[in-house]
Amino acid sequence: MSLVDLGKRLLEAARKGQDDEVRTLMANGAPFTTDWLGTSPLHLAAQYGHYSTAEVLLRAGVSRDARTKVDRTPLHMAAADGHAHIVELLVRSGADVNAKDMLKMTALHWATEHHHRDVVELLIKYGADVHAFSKFDKSAFDIALEKNNTEILIILQVCSFISPSTPQLLDYCERVRLKENFPHFIRVAPLANLSLSHIHPVAAGSQGSQGDFKS
């Protein structure tokens, strides 16, 4: 079998999450090739949520920050499709959490665009820049506002003013998880030792607060 054919089979095996086949193909010399869009085996494993396949590929040395022809990384793929376990695997393996694609969108932008709250929280935990702007001058907060996603909107508002490494924020994001809406935020915020006196008026809505959020 030619190297070209081996490369194509590796892409297909990664797409399907066939770990044993991936190992066999790599052992037989399959190159880490891409399809015509620049999609690598790791992109496909990330996009389709195949955790163990992604692990195999990362251990074999596939680039964790490989780029497609539109500059999307495997992390972009995993975040857009809501695969939180893959997102964590990638960032723990050293993937650039703030990598931007051709639209200057980060993984946080894409997770917000597709309403993946758990991925948003996870990315912020690992240092995602909540202030990053896309090619269209939009932050993740702007996208959440357009999508009318109250839960993500509040998470981003809080994180805009608190370092993602602070224990209060980690405790807040991981234990509370904003399961309802803004009134729920009012009830649980004291658990994270967060002040509500200056919450952003857009996020506060009918609460009538003015000014920006302060910790």
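Residues are called buried when their relative accessible area is under 20%, exposed when it is over 50% and partly exposed in between, with a 1.4 Å probe and protein chains only. The structure considered here is a predicted model, in which local features need pLDDT of at least 70 and side-chain atom pairs count only at pLDDT 80 or more, whereas totals for chains, interfaces and linings use all residues. Residues are numbered from 1 along each chain as its sequence is written, and side-chain values use heavy atoms, with hydrogens and water left out.

The secondary structure of the protein chain comprises 13 helices and 0 strands, where helices (H or I, at least four residues) and strands (E, at least two) are DSSP runs numbered from the N terminus. Of the 215 residues of the chain, 48% are classed as buried. Helix H8 is largely enclosed by the rest of the structure, because 7 of its 9 residues are buried; these are Arg117, Val119, Val120, Glu121, Leu122, Leu123 and Ile124. Just after H8, Gly127 adopts a positive phi of about 95 degrees. In helix H4 (residues 51-60) lies Ala54, which counts as buried because its relative accessibility is 0%. The C-alpha atom of Ala54 is separated by 8.5 Å from that of Gly17, although the two residues are 37 apart along the chain.

The structure contains 9 salt bridges, a salt bridge being a side-chain nitrogen of Lys or Arg within 4 Å of a carboxyl oxygen of Asp or Glu. One of them joins Glu121 to Arg117, with an N to O distance of 4.0 Å; both residues lie in helix H8 (residues 117-125), 4 residues apart, or about one turn of the helix, and both are buried. An α-helix has 3.6 residues a turn, so residues three or four places apart point the same way. A spacing of 4 residues, about one turn, also separates Glu12 from Lys16 in helix H1 (residues 3-16), and these two residues form a salt bridge in which the closest N and O atoms are 3.6 Å apart. Glu12 is partly exposed, because its relative accessible area is 33%. In the salt bridge between Lys138 and Glu146, the closest N and O atoms are 2.7 Å apart. With a relative accessible area of 28%, Lys138 is partly exposed, whereas Glu146, at 52%, is exposed.

The charged end of Arg72 sits over the ring of Trp110, 4.6 Å from its centre; the criterion requires NZ of Lys or CZ of Arg to be within 6 Å of the ring centre and within 35 degrees of the ring normal.

Arg72 also belongs to the lining of the largest pocket, together with Arg15, Asp35, Leu37, Thr39, Leu44, Gln47, Thr68, Lys69, Val70 and Met77. On a 1 Å grid over the protein atoms alone, a pocket is an open set of points where a 1.4 Å probe fits, with protein on both sides within 12 Å along at least five of seven lines, and lining residues have an atom within 4 Å of a point. About 150 Å³ of space lies in this pocket, the volume being the space filled by probe spheres set on the points, which are joined across faces, edges and corners. The lining divides into 4 nonpolar, 3 polar and 4 charged residues, where Ala, Val, Leu, Ile, Met, Phe, Trp, Tyr, Cys and Pro count as nonpolar, Asp, Glu, Lys and Arg as charged, and the others, Gly among them, as polar.
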